[in-house]
Amino acid sequence: MFVGEAAVSSFLAVVIDKLIAGPLLEYARRQKVDLTLQEWRKKLLHIEAVMNDAEEKQIRERAVKVWLDDLKALAYDIEDVLDELVTKANRHSLTEGPQPSSSVGEFLFSAEERLTTSLVDEFGVYGRDADREKIMELFLSDEVSADQKVGVIPIVGMGGVGKTTLAQIIYNDKRVEDYFDTRIWVCVSDQFDLVEITKAILESVTKDSSHSRNLQFLQDGLKKELNGKRFLLVLDDIWNENPNNWSVLQAPFRVGAHGSFVMVTTRNENVASIMRTTASYHLNELSDKYCWSLFAHLAFENITSDALQSLELIGKKIVKKCKGLPLAAKTLGGLLRSKQDENAWKEMLNNKIWDLPADQSSILPALHLSYHYLPTKLKQCFAYCSIFPKGYEFEKKQLILLWMGEGLVNGSRRGETVEKEGETCFHNLLLRSFFQQSNHDKSLFMMHDLIHDLTQFVSGEFCFRLEFGKQNQISKKARHLSYVREEFDVSKKFNPVHETYNLRTFLPLTMPHGVSTCYLSKKVSHHLLPTLRCLRVVSLSHYHITHLPDSIGKLKHLRYLDLSYTAIHKLPESIGMLFNLQTLMLSNCNFLSEVPSEIGKLINLRYFDISKTKLEGMPMGINRLKDLQVLTTFVVGWKHAAARIKDLRDLSQLGGTLSILNLQNVVCAADALEANLKDKGKLDDLVFGWDCNAVSGDLQNQTRVLENLQPHKKLKTLTIEYYYGTKFPNWLGDPSFMNLVFLQLKSCKNCLSLPPIGQLQSLKGLSIVKIGVQRVGPEFCGNGSGSSSFKPFGSLKTLKFEEMLEWEEWTCSQVEFPCLEELYVQKCPKLKGDIPKHLPLLTKLEITECGQLVDSLPMVPSLCELKLTECNDVVFRSAVDITSLTSLIVNDICKIPLELQHLHSLVRLTIDGCPELREVPPILRKLNSLKQLVIKGCSSLQSLLEMGLPPMLQKLDIEKCGILESLEDAVMQNNTCLQQLTIKDCGSLRSFPSIASLKYLDIKDCGKLDLPLPEEMMPSYFASLTTLIINSSCDSLTSFPLGFFRKLEFFYVSNCTNLESLSIPDGIHHVEFTSLNYMYINNCPNLVSFPQGGLSAPNLSVLILQQCKKLKSLPQGMHTLLTSLEILDGVGLAKASIS
């Protein structure tokens, strides 16, 4: 019953349940201590009787909370004692060895002494249409003034009012998607870390992780990505009130196109006033009408009409108490979802928590209630999440494994597994809005700031986070410890932990910027941790640890041990004493070649990750781990003492992903059949791998091995690699594999034909790499068991053939691929025949290094992206007829055909590696949609676009064109849009024209190039340039006229050996570089001086001067820069002084 569940204490209930567990009672009777346990249970039941009232009073009365915390500490102690007792009971039942009862009695007596002392679901958004449209009007109007290229719109409102949700529905609006070239979402929270935020923005744009810790490098990269683009950046949950921080962060944004916007959400109007370029948008509470709609949408799911009538009036009264806050309505609606008991609704309505004065708690009463009425299991699981810092993003799998390790989920109900119970708890907390999906990665989750505040309140002193730079005093009641790693974690950092004898959790979170390996003092790993005998969760991942002490085996309670990404060479044999261990992570331990056979004693192990290690085999006894749910890798060993593949037979519960490697070591094919993969129906993904360096043995035996490894029919993905049998198994391609969505066949050199893969009707992705076939014909499609309605490849979306060195013919002219979107044919040098023509949905085609392929390309109306590398001229000429192309990459062509001018939709064109190409014809200027042009590796190119650039071109890259001498003025006669010019490794280039629209100029390895700097040049000559990079170029440059570059934001000069000075030309007075943020000058050995009169750059945040040995003084008036300067670095200078 709902109300009954709420009344049970979340920490005593678990202990009481354990005291009446059958196995423990049976063991206690044999040891003659059952009466003691019964007494414990009576005491706890008496305590529990007063718990319901006390749990409500703890919010208002400090003394009650202290009393409850004492009881909770007591419950933890009892549970630790019981855990040891249960462990003894289970060991006893396994060994049936004699155990004197006196030891158990003494054990319980000592226990007695201890006893007495963060995607938005738009269907769930109500009442925000008007707010959305008002902000949309700001985006699409000209309200941002002409001098503010990038607008900043703050959304200001109290916590829980829906600022993030409003930002989400705007961000995902189709009009926004169409209007902006790039959209970026970053959650900032209360830790305003410039490097981390810039890194997150850059990674969101590039989709690649950056490990750089250099703010200058990150912002340089960001400027390149944003240059000339209209972007929308959402900075969610800003607390920073330092104007300098904002000034530095927003410096790269200025290179974006006019109409770019930054949208920020904040609770603080002071924050908004620092950032905004237009009036803040103040978000008000929802009206009762919309608040009710949101609540009802969640609460009345699957409720009968009779119940609805009686509950509606109560529900509306509850909603009024939510005071227009969507977060409150959402959490309470989720809590009451599908509940039809009227008393439960009334109890929530009349709860005293609603009357809690605001000065007694910063947490909304609705959120207090949402926790108060959670079922016991969910209360525990939720409270544990306070171990994560605010804004931390976590994986579902990671959190469930931690819950398991702490014993918060145990799978005891209805016969469900502990993993399934964890999944259910996670899903229920997500439904109740305690968790929310990350905005940038749907596989990650987080908590709203207010929800995080609630976790900290309910967990109290029991969860503790060590924080860098703070005075950390840990309560002796603390059971769960987390912290952020530093590159060198010294023992002193953990001094406060020495007093927490009953600690259960040791959990490092996140890595320092740009660091892949950290170092932990041995005093911690070898001396401190083994003394904390109650530990259940220990992570040492990403530390440079080479071995563990034998004393690790004394941690009898340990259930979760993470050693991934460590330098561990071997595990101690005492690992076998960790009887309760459920999770053992050893992934990416690159020095680990074996694990001890004692692993076979860990009969409670459920999750064993040994992916990407150097294991040469599996330990004997692995077959005893019958509870294993996940075994990432099974390595078939060649040593006599290693487990054999047939030992997989008893691991019937395996699920998820399993890689079976070194299959060349299977001597007897019957062992593969005995592994019984057919009956392991929980496995989703399988990899069968042979050692690519192994000497081929009995080919027929290997063929039989793969035949005998037939998996179950519900498999989702399959990879077969380095297989050296002579043919693929009969089961591969069987249409009964209805769930198979991805298949990869790689490096199977002895297979001369492909299986009937076309019969796999659910297959969406197919990759065929380094297979020894010469011909691909009808056998590839199959016959669908003779069905007349059969059509092959009915679901296939991506098809890749790569490095098929013997492949000569593809008979496919009559084959239709009805759903294919991407086709890759790469490095197939002998392929001559057809490529498919019936490709109605194809959007991307790559043909690479297929020199004998002379077939014309398919005329596909949907084809947008085409890459042709080292292909026959016939193939390239047919490309100019595909008028739908928006992106074209060509390589190794002698001449650009005139017909290219008909590609009116082309936006990006790359001409790469064409050593015989002598000229780029003027017909390119007719490509009216072209925005990006890359010309690279054309060593014979003498002239470039003498009749002018395409009119809409914005970005031009010229690289490795060794004899190109000049870009004539005529190049710019048709174009006023060029914003970005990159010239690299063009050793003969001497000049390029003035380009008034240019914003970004990057010159590298062009020693003969002269910058267009005539003496009569007007200050407007480079009026738009914001980024200038000169590296190992412009050898004739001795004095750089900085005064002509007034809008520069980023100035980078490196390896300019003849540069002597930065100057402001005569006749120009009072030059102020208000936009300049970064100045980097490196290895200019003849640089002597800055401009006379000083460098007036009030917003300069980074000044780096390196290897400029003749530079004797910094800019005059340097002290005026110190208010804005974030980074000042000087290496290899003369004894410079501040003038």
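**Close-up 1. D237 has its place in strand β3.** Strands here are DSSP runs of E with at least two residues, and helices are runs of H or I with at least four residues, both numbered from the N terminus. This is a predicted model, in which local features need pLDDT of at least 70 and side-chain atom pairs count only at pLDDT 80 or more, while totals for chains, interfaces and linings use all residues. Residues are numbered from 1 along each chain as its sequence is written, and side-chain values use heavy atoms, with hydrogens and water left out. The phi of D237 is near 65 degrees, a positive value in a residue other than glycine. D237 is buried, with a relative accessible area of 12%; buried means under 20%, exposed over 50% and partly exposed in between, for a 1.4 Å probe and protein chains only.

**Close-up 2. Five strands line up as β2-β3-β4-β1-β5.** This open sheet of 5 strands has parallel pairing, where two strands pair if DSSP finds at least two bridges between them. β2 (182-189) and β5 (281-282) are at the edges with a single partner strand each, so one side of each has no neighbour in the sheet. Strand β3 (residues 231-238) runs parallel to β2, and 7 bridges join the two. Look for S189, whose bridge partner in β3 is I238.

**Close-up 3. Helix α21 (residues 396-406) is largely enclosed by the rest of the structure, because 9 of its 11 residues are buried.** Among the buried residues are L399, W403 and E406. After α21 comes G407, with a positive phi near 75 degrees.

**Close-up 4. Ring pairs gather F388, Y392, F394, W403, F426, F435 and F445 into a cluster.** Rings of Phe, Tyr and Trp (its six-membered ring) pair if their centres lie within 6.5 Å; planes under 30 degrees apart are stacked, over 60 edge-to-face, and the rest tilted. A search of the whole structure finds 32 aromatic pairs. One of them is the stacked pair of F1040 and F1045, at 4.9 Å centre to centre with 25 degrees between the planes. Both F1040 and F1045 are buried.

**Close-up 5. R230 lies over the face of Y179.** R230 is 4.1 Å from the ring centre. A charge sits over a ring if NZ of Lys or CZ of Arg is within 6 Å of the ring centre and within 35 degrees of the ring normal. The charged end of K379 also sits over a ring, that of Y371, 5.5 Å from its centre.
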